[in-house]
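Hello,

Here is the structure I promised to pass on. Have a look at it first, and then read my notes below.

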Amino acid sequence: MKAMERSILRRFIVLEGVDGAGTTTQLTRIDEALAAAGVPHWKTAEPTQRPEGRLIRSILGGEIGASPGTVAHLFAADRNEHLYGSLGIIERLGRGEVVVCDRYIFSSLAYQGVSCGKELPAKLNSGFPLPELLIFFDVEPSLSMGRIGQRGKREIYEELPIQERVREAYGEALAAFEGGPMRIVRVDANLPLEEVNRAVLAAVGGALGLGLGGMGA
Ligand code: TYD
């Protein structure tokens, strides 16, 4: 299925970026802003906390070995369950909740694009619906790797040369969606956290037709 023809899930918002780009911090900020505005919502992430996601985390942590193709399939399986499983994304959206997700198909197109070539992740993810809004956190990998360095244990993709290739792969993957029905907002994630936060809340507020965080967005 071509990028332009894919269906869009209204009120589904996705955050993407290389490791250490700050998506998890901003997910918490969005969660707080939506709660303060009284908007029913669900904050979630991939890999998930479900059994499929936990298996992926063991591989990322280096406890279990798996070939890159297997990892690509596991991310797609985790995503399928996250979308269509009980209390998943589709069910929550159907109840009228806003769903905000840290990482989605674009992570697979970028990371697995680097680890196993573009073709397999493109195929495995071609049938999944798109979010209404994608916020891409663009950051220099040298800066984001510095942030990760402060966290302790590293996962398998958390090396500077890999992160640089992942950033490039994100650029290529996102270009294929330009001009389509999904709104893409690029945020300069090299900036201080509060500035990033203002841009993020403005984007989320804009998509939902709300003013969030007292920023008059
Ligand atoms: P991450 O958001 O960094 O989780 P945490 O902050 O809890 O460690 O995600 C873990 C890693 O998984 C990250 O390096 C990106 C990678 N990933 C993929 O390679 N493909 C995918 O489809 C997804 C969702 C994540």
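A salt bridge here means a side-chain nitrogen of Lys or Arg within 4 Å of a carboxyl oxygen of Asp or Glu. Before the findings, a word on the source: this is a predicted model, where local features need pLDDT of at least 70, side-chain atom pairs count only at pLDDT 80 or more, and totals for chains, interfaces and linings use all residues. Residues are numbered from 1 along each chain as its sequence is written, and side-chain values use heavy atoms, with hydrogens and water left out.

Searching the whole structure gives 13 salt bridges. In one of them, the side chains of Arg57 and Glu155 meet at 3.9 Å, N to O. Arg57 is in helix α2 and Glu155 in the loop between α7 (141-149) and α8 (160-175), so this pair ties together parts 98 residues apart in sequence. Helices (H or I, at least four residues) and strands (E, at least two) are DSSP runs, numbered from the N terminus.

Now to the ligand. Around it are 14 residues, of which Asp19, Arg79, Arg103, Ser108 and Gln112 come nearest; near means that a heavy atom of the residue lies within 4 Å. By class, this shell has 5 nonpolar, 3 polar and 6 charged residues. Ala, Val, Leu, Ile, Met, Phe, Trp, Tyr, Cys and Pro count as nonpolar, Asp, Glu, Lys and Arg as charged, and the others, Gly among them, as polar. The largest share of the shell, 4 residues, comes from α5.

A polar side-chain atom of Gln112 lies 2.7 Å from a nitrogen atom of the ligand. Two or more residues of the shell come from each of α2 (51-60), α3 (68-84) and α5 (105-116).

Two backbone details are also worth a look. The peptide bond from Glu46 to Pro47 is cis, with omega near -5°, and Pro47 sits in the loop between β2 (41-45) and α2. Leu87, in the loop between α3 and α4 (89-94), has a positive phi, near 55°. Most residues other than glycine have a negative phi, and most peptide bonds are trans.

Best wishes

How values were computed: A polar contact is a pair of N or O atoms within 3.5 Å; within protein, one must be able to donate a hydrogen and the other to accept it, and residues adjacent in sequence count only if both atoms are side-chain atoms.
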